[in-house]
Structures are given as structure tokens and as C-alpha cells.
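Good morning, and thank you for making time for this item.

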Amino acid sequence: MENNLLSFIIFAPLAGAVINWFVGRRLRNEKIIGFIACASVGISTIIAFYLALKSNGALRSTESIFDHLWTWIQVGRFRADFALAMDRLSGTYALFVTFVGFMIHLFAVGYMHGDRGFYRFFAFLNLFMFAMLTLILADNFLLMFVGWEGVGLCSYLLIGYYTDRKEAGNAAKKAFITNRVGDWGFVLGLMLVFYLTGSISFFEKPEHGVISALQAFAGMGVDPFTWKSLFAGGATSVAVLLFIGAVGKSAQIPLYVWLPDAMAGPTPVSALIHAATMVTAGVYMIVRCSAIYTHAPTAMFIVAVIGAATAIFAATIGLAQNDIKKVLAYSTVSQLGYMFLACGVGAFAAAIFHVITHAFFKALLFLGSGSVIHGMHHEQDMRRMGGLRKYMPITFATMLTGWLAISGIPIFAGFFSKDEILWKTWSAGEFSLPSPLWSKALWFVGAITALLTAVYMTRMMIMTFWGSERFREQDVDHQLEGDAAPAPHSVHEPHESPWVMTVPLIALAVLSTVGGFIGVPYALGSLFSDHPVSYIDQVLEPVLSHVPAGVPHSERAHAVDEMQWLSPKPQQLDGAPAVHALEGPAASAERAHSPEEIRQERFLAMVSVLIAALGIGVGWLIFQKRPLLQMPRILENKYYVDEIYDATIIKPIEVVSREGLWKLFDVGVIDGFLHSLGDAVTEGGRMVRHLQGGFVRSYAAIILIGALALIGLFAYFGAHTLGLAR
Amino acid sequence: MRQHLLTVLILLPLLGVLVSVGYSFAPSRQDFHYKWIALAVTTFTFALSLLLVGGVGAAEFRFEENVNWIGAIGARYHLGVDGISLWLVVLTTLLMPIAILSSWTSIAKRQLSYYVFLLLLESAMIGVFVSLDLLLFYLFFEASLVPMFFLIGIWGGERRIYAAIKFFIYTAVGSLLMLVGIIALYFIYGTFDYAAILAAMSAQTTLLSPNAEFWLFLAFAFAFCIKVPLFPLHTWLPDAHTEAPTAGSVILAGVLLKMGTYGLLRFNLGLFPSMSRQFAWIMITLAVIGIIYGALLAMVQPDVKRLVAYSSVSHMGFVVLGLFSFTEFGMQGALYQMLNHGVSTGALFLFVGFIYERRHTRLITDFGGLATPMPWFSTLFVFASLSSIGLPFLNGFVGEFLIMLGAWTSNAIQHPWIVTMLAATGVIWAAVYMLWMLQRVVFGKTNPTNATLPDLNAREIGLLLPLLILMLVMGVFPRPFLDRSKASVEAVRARVAAPPTGGSFAGNSSRVLRVAP
């Protein structure tokens, strides 16, 4: 159905941004600027909730809400509309993005108080909301890409917000360029989608003559599970290219390096963009394209492995960071890894569930850290904190819930979503994994990551809120060897933050506590109720594609030999019948409730709880006594990945471009060749000049020589050969 | 007047020249009046050129004028505008007043001749885009060289003489070869008239032998590829752009380079479709090399202006790639990218000119932290850079995206996806060199020498505004632009994409004429 209200969700923040940029600049009144910024996001929030939850709203009916604005690009068969759509997936996303966004805007009014660029900050923040909501509500790939690049731009502008800080500029540039590397994949994937299906729309829109690219994929055969299929130009190629985009945006190995550096931006930015919303865009995109991924087992396998690897890799680095925001940044990278792991094993609903709970608790933790940093007068080094729970009771209490949530303590939101992902990984079928062993191995990696998560979060909490009050110790600087910024350190009395900052903290703390109940799995819910409902599953089920139940690899293997390298029509190469998007969700749901599986799931949940408790316990035992314990250097230095990239990629390209291409080839070879050509002409002219010396006798001599030469020629060849006589 | 609109557009700047020269004899003349005359004339020309927009849409030429010129050799004064040339004419007339405004305070010496050269240049450039007679086209093509030669050579930077001569010889060599090609065509078809030759080819009354077509394609392509410039014929460009005065760089990048790609589209693809197909893989290879090579060289330039100049090599590579994809996406995108490049790179040269005027240096290391003393400059500079980077909803994205889509779906070459994947890295490189430059020029700590630089004044913002607005409008609503060129581009595409027998030559040797008499 059409509903023009939909476009207000994106245009309200845009209007806020424009007003603040042009009017707020002159006003220089924080109250008005803050009000405009929050109100515009507030309007989006209200409309989003209304459209999603009203009686026939996006989340409650199977029909999507459309808003067609204009046809953006139309050339030949290619058509990209500026058109929005809210279905169950984008509706779910829009709800938490607008709500968390609103909370963070509110928080930022307090946090940015007194900043010179107040108007600029909120203009960018509103612009970000516009881009993010465009990304979510876009009804086709290209408009999604507009939002995709738009959030990247806003991220760039906001990371580099403190324009006079060099490291902020570097981090901003790094973020944009790394994202661009990912966008390269996204654009190419988009083109391949168009090439294969003739459409880039997510939805069927008969009144506009637009068919759905995703449904076209759903109608194709499943690609075989081989490495060759990567280059076959079919669903697998599309999926991998799009995943490259997700790797960039959602900070996965190998493109995660920008996210920790992005912490150079103001803390509300880290909370909104680099934790709760933007970085989960990659997950959103993959879930949106689940119809493609469920036809590309190889791609799903890659997604799962990269996700798991990122999760554990980032968690180990998070163990050793001393900057409170860096800990949270690596934690975000790690949690995003979980989400991709979920996507890779086909648990798309679980991925979205974790996105939502993560948005709550990670935004909470970031805002909490912002409150700490604010209270500590812009100190971010946890080695100079300690004992803050006395000074900042509300911040402490709220962060406590965030800590318990991310560690996976039952009842808190993170427990349910993380447990769901681990269970789905454990019970994953063979569709996207080479052997049953892989699901157990991936589960094991996830479980270890959970343990590490609990440990490093406990470390962070202890270093910040417990222990001695190290911010009083003047000589602490000298103890901290290798500290990059031994700035003159003055003692400030820490203080609790004002209400605009604590209210969002409390709201998010409540959600981090109870938010998980929207997705209680059957196995746990059935302990307490006869007919437990997982709302998140119920809502998302109709819009997700499912992994076809156990296609044996041997049956698909025969197609492999017929594949060509990037052959144009891979869908014809597979004889398997088309798998439809909505095939048998009921059947799979039924299967999941077999008593055997319920027993297993409950057992694994218990294991998860034990792991979380173990992590917290270990963390407590180690760091309670020695909060400043020196962690392994290699972890503290992030495995030297930045240095390795610099030495193996960035520097060589720069040197080759400067010394080889520019100085040697462009100036030396091309221009050198042209100059020598010019010199040759000049030189030749100089030589020929001697012929015209102005002496009559030399001219006469030349004429004589010429005449003799001609006569000689005639004599030699004869007149007939020259054709002068017939 | 409507039926002579094109003549009026060509003559108006010349009238401005006459007025300026006449005024210079006035006893009470003031030097600063010349720029007012030039501004008035060019603004009026721009306003008149907008009248063209409503009349163009179909594939045929409109506003045609066709009268005898040099009867003895059958050269005709044949003008006309279609969807391909329409926006290029408007781009030319739009950039002229902007170029003149940008010279407002920076040009102090020999103002009369400076503005006269600019006006002469405008006439020639409009003439290039609307000529439908090959000899007339050649005349305008060459005529545009001379004023630019003097603009660089007299008002340029330190190495202006070297740059001017390099520019002149490079491009003149190319166009001489084209002249040979034009004369050869004349001997075959007995006319210089583009439409007549095209008609004769389409009707298959007179056909070129493959051999003749091969050499003719090369002769034309060589001239145009130098102008584009296509790797490896690009080395005149960094010198000319860097040494030219700001207005010169704007016109050079904005319009003169487009004469190359326009020529490729109009003449090479239009007249020699079979050879275009055969040469496609070479042209595309060079274009893709140019995209990456230009970007890498832009990245390491210590001089802001050279950086923007090398970025042109990269962007124009996209245009050539689109043209030789022989798809509607690619060719429409290429035409659109010509306009985008004119707008974005023109604007970037203006920004560089502004800081050069203030600091008399173009070295990146001399700047830094301009955001504090020059907030307006910094904001708008970042905006224009983002357009050049190809951010969606700004103009550059639409063109580049369509070109890449065209390359991907092209059947002009084998493995078009490899080409597309390589070309798409150009978009990454663009972010690298532009953002790195921005970071070193605009952001960071403010250098004390720059701390007191004045921000943009009303004139400078005013002359940028049309370009900045265009960047947004062309990015969000590209359809009015694309729709007008659709039919004309499609006509050329249909000719090129036709199977070999439907092209300019057939296998039937009895109907084939040879170049040699």
C-alpha cells in the first residue's frame, strides 16, 4: 500500500540538518539547535512507530508500505527509483534506529555542551539519520547504496569533527577510504544483480512495471558449493561482491581497521554510528538479500568463517586496550562478527535479533563511556580512572546492565541473542558448511569469544569503576610506559552527568535488560509457558529466505564441471529445481521443536551461562587485584595489522606511483621520448641548415651532384622500368 | 532569430571582441571596463543558449543552418545541434561568465587582449560543437587552440612558455592528421558535409574499404585522443593546466577536453563504426589504464593544481570507456560524465585559483588547516571534492555508475567484468587522492602564514554557486539531462552496434572505393 508519511521518516532529519546548517549557524543557541535536531529525529521516531505498529502496519501485516517519490535514473532497461518501502525487516530496523538515534541525539545535547561547532555537529548527526534511514527504507539496491555511501560520508565528517586534530583527520580519511574499498564490491555486486535479473528492486511493483530482483534470484537454482562458483557470475558471485561491501561497512577482517580509529570522533558519534546503527548496515544488507545468499552456499560459508574469525580476533585485541573507547570499539567489531556468523549459517533472524540487542547495550556502553569521559573532563585512558562508581552512580548502574548484557548473563538482552546465534551455529545443517564438524568448530570459536568478551568487559568495568582512584595520582604518567600522549595531567573531581545524558542511559539500560524478551527461543520459553512466542522470529519469518533443507553435496557436484569462469547465465548450469523464498518455514519451525533438539538447546544455553559466569569470574579474579596488569604486547599493539598494511600495501603503492609511474615513466619515458623527438627535429634542421650556406659555388656543386645522380638512376634502371616511355 | 540562433551564439562573442577593441580607442577608456563588457556578452550568450534546450530532444539536428560557404570545394556553412552537442554548448556558455568572473582581480596586465582571447575562444568552442561541416569543424577546432595558446603563454605561471608550446604542438600535430583524414573523406564523398557523408554511408551508396576506414579512424582518433587526453598522450595536460591562469584551466578542463570526447562520439563512432568496434578493446584498455594511472599520479602530486589536472586524466578515461562500451548506459553515462567533469573539475580549478591568488603557491605542504580562517572556502571545497569523488546524489556518481554499468553489460570486448572491476577501482583511488589532499589543505593545524587569509568574498561565492547547485541538481534529477540526449546517443549506438554488414562498409568489393585514386 502507498503511504506518503513514509518519506517524512527520512526527510524530517534532512530538514533538521538543513535548518541547523543554515539557521543554527547564525543562532549559536544550543537550546534551539538541540531542540531542532532532537525534534526532527523525534518526528521520524513517532512516524516509524506509527507506520510499523498501527493495525495494518508494516510489522503486523504481510503487505509492505510503499512511497514512490520519483524515478531517479532511467536509461534503457535500467531503472532506479527514489522510492521507499517498509516491510517487516526494514520496519524492525527503522524502529530501533530511530529510537536509539533519538536517545543518542538527546545525550549529545548534554555531551557537546559548550562546543564551538555545536550546530555543525547536529547538522551532521541529522544528516546521518537521513542517510541511515534512506539505506534502510530504500526499495532498491541503488538507493540503498545512496544511503550506504551517505552514512559513510557522515561518518567521515563526524570522525573528523575535531578538524584541528591530526589523528581525527587521519581516522576520518581511513574510514572513508576503507569503506570505499568495500563499496567497490557493493557496486559491482549491484551491477551483477542487474545483469542477471534486469532489475535492482527489492520489491515487486507491478504498477510501475518493476519486478523484484530478489524474487528472480529465489526462482533460480542453488549454486553448487565449490570455489569455482565464486567466479561463475551467478548468485555466489553476487553474494561475495555484496559481502565485500558489508565487510567494509561492518568492519570485518580484513577491512576492520578503520573502526577502532574512528573513536577519534565525539563519543555520541561512536555510539550512534560506530556501534548501534551504521556498522550493522552490512548485516541488514545481507539479511535483505537472504534470497541471494540462500542460493550461494559458498558465499555463506565465507561469511560465516569471516564472521567467526573477526569475532575472536577482535575480542583478543579488546583484552589489551587501555582506552575505554577502544575496548568498546573492538568489542563492537567482535559482536559484528557474531552477526555475520549467524548470517553465514542461515540464522538471519538471529542476526537481526543480535543487531537490535547489541544496539541497545552497545549504545548504552558507549554513552556510559561518554558520560565517564565527560565526567573525567575528556580523559579516555582507563589507567587514569578507577573508583568512579562513587562519583557517577547512575552511569555506573546503567553500565552495569550493559556489562551483564554483553557478557551474556540470563535475563539481560545479550544473553538471548548471543545464545540464539550459538545454538543456530551448533545446529547448522550442511548447506553452507563443508562438514558437520564445521558447525561445532564455529560454535567453539563463538563460545571462546563469549568467554573473552566477559573477561575484557569485566576488565573495563573494574578499571573504570572499581579499585583505587588513580586520577588523583599525579605520578601515574610516569608509571605508564610507552604512553603516546603524556599530556600535562591535572586533577579534576569527577562528576555525574546532567539529566539529558542520564535519561538516555536509563532508557537504554532498561532496554538492555528486558529487550531480549522479544526473542526468547522456544526451548527456553517453553520452560515457563505452554505457547511461548519469539516475537522477532514471528515478525521476520515471512520476509526471510531459508536455507534449503540438506541438499547433499554429491547431488550438486555434477554441475561443477560445466561451470565456466564468470559465465553469464549460471542459473542454467544447475539442474536443481528452483528454491522458493517462502518454502516451508513452518516445516523447519516444526523440526526445531523436537524434544531432542530442545534438550540440546537447553544444555547449550546452560553452557553459555557457565561461560559468561566463568569469564566474569576470571576477569574479576585477575583484574580486581591488578587492574593495571600489563597485557601481552602483541595484543596491545593490535597484532601490528596497521603497520603491516602500511608496509605491504600503502607504502609500496605510494612509492611506485611517485618514483616509478610519475618520475620515471611519465616525466622520464613519455616526456623524455617527446623531448628527444623534438630535439631530433631541431638537430636535423641544424644539420640540413649547412646545405644553405649562401655560397653559390656550393649550390652549384649540389645541383651538379643531383643531376649526376639522376642521370645515373636513368642509366641504371632504364627508362622503361620507370615507366616514362611506353 | 530562432532559425539563426547558432550563428548568433557564435557571433555574439565576436561582437564583444569588436566592442572591446572599439572601446580601447575611446579617449576616456578604463581598463576595468573590458571585463564588464566580456561579462555582459558572455552572460547574454548563456541566456540565449538556454533557448536551445527546449528545441532539442529527438535524434535529428535542430536549429540547422545550411548555406554555401566555399562553393569551389563544396564546403558549406552547416550548423546544427542535437542531443549530443546541446549540453556541451550550454556548458560552454555557462563556464565563460564564470571564467571571466574568476579573473576579476587576478588579471591585471593586458586586460584588453586577455578578454578578447577569452571571447574568441568562446566563439571557437561553440563553433566546434555545432559545426556539421568537417572543414568548418576543423577550422573551429584549430581556432580554439590559438587563444588558449596565448592565454597560457602570456598570463600563465612560471613555466608558461614551455607549457604553451607543448600544448600547441601536441594538439596541432593531432589535428593536422585529422585534416588529412577530412581531405581524404572529401575525395571519397565529394563533400565536407557530415550529414551528407553519414547519409551516403547509411544508404550504402558509397562505402569505405576496410583499409581506408582503418586509416581514417586512426587519423581522427589520434587528434581526439590527444585532446581527451587518453593515456599515453596526456603529458601536455598537467603542464598546460598547471601553468594556465585559473580561467584558462577552467575552460581547458571544462570544455576543451570535451572536444576530444565529443569528436570521438560524433565522428569516430558515427563515421567509422566498424573500425570503432575493432578498436574498442584498444581504446578501452587505454581508458582503463588512464583511469588508474591518472589517479595514482594525482595521488602523489605535491602541487594541488597538478593533482586536479591528473585527476582529469582519470575522469576522462571513464568517458572514453563509456563511449566504447557501445551500450546505451555507457554512452549516455559518458556524455553525462563530460558535463559532470566540466562542472566538478571546473569548480575545483576555481578553488585552487582562489588559494593561489591569496598565497601565490600551489604546493600542498604550504597549506593546512584552512578550515579555521576560511570556513566557507573549506565547506564548498569539500562539497566540490565529494562531487568529484562520485558521491551518490551528486553529479559525478550518475555518470560514473552508468559508465561502469555500460562497461559491465558491454559486448564490445571480451570479459567486460574484468574491465569494470579495474575501472571501478578508480572510484577508490579518487577518494584516496582527494581526501588526502583535503586533509593536508583544509584540515589539520593551521599554518601561521595562513591564519589570516581572508575567506571567500561575495563574488567568489557567487561565481561558484551555479556550479555547486548544478552538482546537486544533476545528481538528484539527472533525467531532464539524460532524456534530451537519449535519442541522439541511441542513433549513434545503433550504428556502431549494428552487425558488420550494416556498418559503413560491406563485403561487396565492387561498391568499395579506395582512398588511392
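Let me begin with a distance in chain A: the C-alpha centres of domain 1 and domain 4 of chain A lie 90 Å apart. Please keep in mind that this is a predicted model.

The domain assignment of chain A gives domain 1 (1-139), domain 2 (140-200 + 210-478 + 495-552 + 561-636), domain 3 (638-684) and domain 4 (693-726). In secondary structure, chain A comes to 28 helices and two strands. Chain A has 726 residues, of which 56% are buried. If we take the contacts in chain A between residues at least 6 apart in sequence, 79% of them join residues at least 24 apart.

What is Phe243(A) in contact with, leaving aside its neighbours within four places in sequence? Its partners are Ile286(A), Ala299(A), Ile302(A) and Val303(A).

A second residue of chain A deserves a moment. Gly414(A) belongs to helix α17 (residues 413-426) of chain A. Is Gly414(A) buried or exposed? It counts as buried, because it has 30 C-beta neighbours inside 10 Å and the threshold is 20 or more. Beyond its neighbours within four places in sequence, Gly414(A) is in contact with Thr357(A), Phe361(A), Ala405(A), Ile406(A) and Gly408(A). Between Gly414(A) and Gly147(A), which are 267 residues apart along the chain, the C-alpha separation is 28 Å.

How do the two chains meet? Here 37 residues of chain A are in contact with 40 residues of chain B. On the side of chain A that touches chain B, the elements giving two or more residues are β1 (65-75), α5 (141-159), α6 (166-197) and α27 (641-689) of chain A. Of these, α6(A) gives the most, with 13 residues.

Let us move to chain B and to two pairs of helices. Two packed helices are described by the angle between their axes and the distance between the axes. Helix α10 (residues 236-243) and helix α13 (residues 304-323) of chain B pack at about 140 degrees, with axes 9 Å apart. The two are therefore oblique to each other, and α10(B) passes α13(B) in a right-handed crossing. Leu237(B), Pro238(B), His241(B) and Thr242(B) are the residues of α10(B) that meet α13(B). Among the α13(B) residues they meet are Ala309(B) and Tyr310(B).

The second pair is helix α14 (residues 328-359) and helix α16 (residues 395-408) of chain B, which pack at about 150 degrees with their axes 7 Å apart. These helices are therefore roughly antiparallel to each other, and their crossing is left-handed. The contact includes Phe329(B), Gly330(B) and Tyr336(B) of α14(B), and Leu402(B), Ile403(B) and Gly406(B) of α16(B).

I close with one residue of chain B. Leu177(B) is found in helix α7 (residues 160-189) of chain B. Leu177(B) counts as partly exposed, because it has 18 C-beta neighbours inside 10 Å. Outside the four places on either side in sequence, Leu177(B) is in contact with Ala219(B), Phe222(B) and Ala223(B). From C-alpha to C-alpha, Leu177(B) and Ala200(B) are 23 Å apart in space, and they are 23 residues apart in sequence.

Note on methods. Residues numbered from 1 in each chain as written. Chains lettered and ligands numbered in written order. Predicted model: local features only at pLDDT ≥ 70, side-chain atom pairs only at ≥ 80, totals over all residues. Contact = placed C-beta atoms within 7 Å. Axes fitted to C-alpha atoms, helices over the stretch in contact; angles between N-to-C directions. Helix = DSSP H or I, 4+ residues; strand = E, 2+ residues; numbered from the N terminus. Parallel < 35°, antiparallel > 145°, perpendicular 65-115°, else oblique. Left-handed = near helix turned anticlockwise from the far one by under 90°. Domains from an automatic or database assignment. Buried ≥ 20, exposed ≤ 12 C-beta atoms within 10 Å, placed from the backbone.
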